[in-house]
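Here is a short report on one protein model. Keep the sequence and the 3D view open as you read.

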Amino acid sequence: MAHTHEFVALIDWKGAVNGPTTDYKSYSRDYDIAIGGRPVIKGSAAPVFLGTDDRYNPEDLLVASLSACHMLSYLALCARKNISVTAYHDEAWGKMEMLDGKLRFSEVILRPVVTITTTSNLDKARRLHHDAHETCFIANSVNFPVLNEAIVEYAD
């Protein structure tokens with residue numbers, strides 16, 4: 001596998017139809033994200049930053065990206081280590097705060113709940129969360145802690 005990968009996202013702000021950026025409080029924060037012919041993602045700023053709550057915001061997408069990357073890394077490791085996962089659910093949480101004079105993320109906590117078959121090794125399945133964290137591309141790219149409070153259990 002190649003060690004260099006490139007990704008392209010097209011961001012298109014059409015908020016000027018509601019007026020230009022002449023006043024901080026009045027301009028639209030809504031935008032579209034288009035990536036390679038896939039469905040468009042409707043974005044906005046978080047409501048606290050004068051965006052709308054009916055569109056995805058960058059902060060939500062960052063937390064979701066960390067959660068999804070961990071999940072995909074974990075599932076790949078489980079497949080390679082003979083752990084049969086039947087369900088995976090995560091309620092990821094992130095915190096932004098003022099640090100060193102800048103508003104930024106200070107931590108994200110992933111809380112995956114994973115169900116495996118009774119023929120799978122429970123201890124190994126739990127340990128693989130550490131390995132998944134180590135291989136997650138997105139977690140390796142951020143400058144704040146990404147913690148993991150995983151629960152792995154057998155299917156009923």
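Leaving aside its neighbours within four places in sequence, which residues is Ser28 in contact with? The residues are Trp13, Gly15 and Asn18. Contact here means heavy atoms within 4.5 Å.

The model is a predicted one: local features need pLDDT of at least 70, side-chain atom pairs count only at pLDDT 80 or more, and totals for chains, interfaces and linings use all residues. Residues are numbered from 1 along each chain as its sequence is written, and side-chain values use heavy atoms, with hydrogens and water left out.

**Ser28 in its loop**

Ser28 sits in the loop between strand 1 (10-13) and strand 2 (31-34). Helices (H or I, at least four residues) and strands (E, at least two) are DSSP runs, numbered from the N terminus. Ser28 counts as buried because its relative accessible area is 12%. Buried means under 20% relative accessible area, exposed over 50%, and partly exposed in between (1.4 Å probe, protein chains only). The side chain of Ser28 also reaches the backbone nitrogen of Asp30, at 3.1 Å. Such a polar contact is a pair of N or O atoms within 3.5 Å; within protein, one must be able to donate a hydrogen and the other to accept it, and residues adjacent in sequence count only if both atoms are side-chain atoms.

**Strand 7 and its partners**

Four of the five residues in strand 7 are buried. Strand 4 (residues 85-90) runs antiparallel to strand 7, and five bridges join them. His89 stands opposite Val113 there. Strand 7 also pairs with strand 9, in the parallel sense, over four bridges. In that pairing, Thr115 stands opposite Glu153. Two strands pair if DSSP finds at least two bridges between them.

Is Thr115 buried or exposed? Thr115 is buried, because its relative accessible area is 16%. Not counting residues up to four places away in sequence, Thr115 touches Ser84, Val85, Thr86, Ala87, Glu153, Tyr154 and Ala155. Thr115 and Tyr88 are 27 residues apart along the chain, yet their C-alpha atoms are separated by 6.4 Å.

Strand 9 (residues 151-154) holds Val152. At 5% relative accessible area, Val152 is buried. Leaving aside neighbours within four places in sequence, its contacts include Tyr74, Val114 and Ile116. Leu122, Ala125, Arg126 and His129 are also in contact with Val152.

**A hairpin and a parallel neighbour**

Strand 5 (residues 93-99) and strand 6 (residues 102-110) pair in the antiparallel sense over seven bridges. Trp93 has Ile109 as its bridge partner in strand 6. Two residues lie between the strands of this hairpin. Strand 6 also pairs with strand 8 (residues 146-148), this time in the parallel sense, over three bridges. Here Val108 has Val146 as its bridge partner.

**Two positive phi values**

Which residues other than glycine take a positive phi? Leu50 is one, with phi near 75 degrees. Leu50 lies in the loop between strand 3 (41-43) and helix 1 (58-80). Its relative accessibility is 38%, so Leu50 counts as partly exposed. Asp100 is another, with phi near 55 degrees. Asp100 lies in the loop between strand 5 and strand 6. Asp100 is exposed, because its relative accessible area is 78%.

| Pocket | Volume | Lining by class |
|---|---|---|
| Largest pocket | about 400 Å³ | eight nonpolar, four polar and no charged residues |
| Second largest pocket | about 150 Å³ | four nonpolar, one polar and one charged residue |

On a 1 Å grid over the protein atoms alone, a pocket is an open set of points where a 1.4 Å probe fits, with protein on both sides within 12 Å along at least five of seven lines; lining residues have an atom within 4 Å of a point. Twelve residues line the largest pocket, and His5, Phe7, Cys69, Phe137 and Ile138 lie nearest its centre. The second largest pocket is lined by Phe7, Val8, Ala9, Ile35, Gly36 and Arg38. In these classes, Gly counts as polar and Arg as charged.

Note on methods: Grid points are joined across faces, edges and corners, and a volume is the space filled by probe spheres set on the points.
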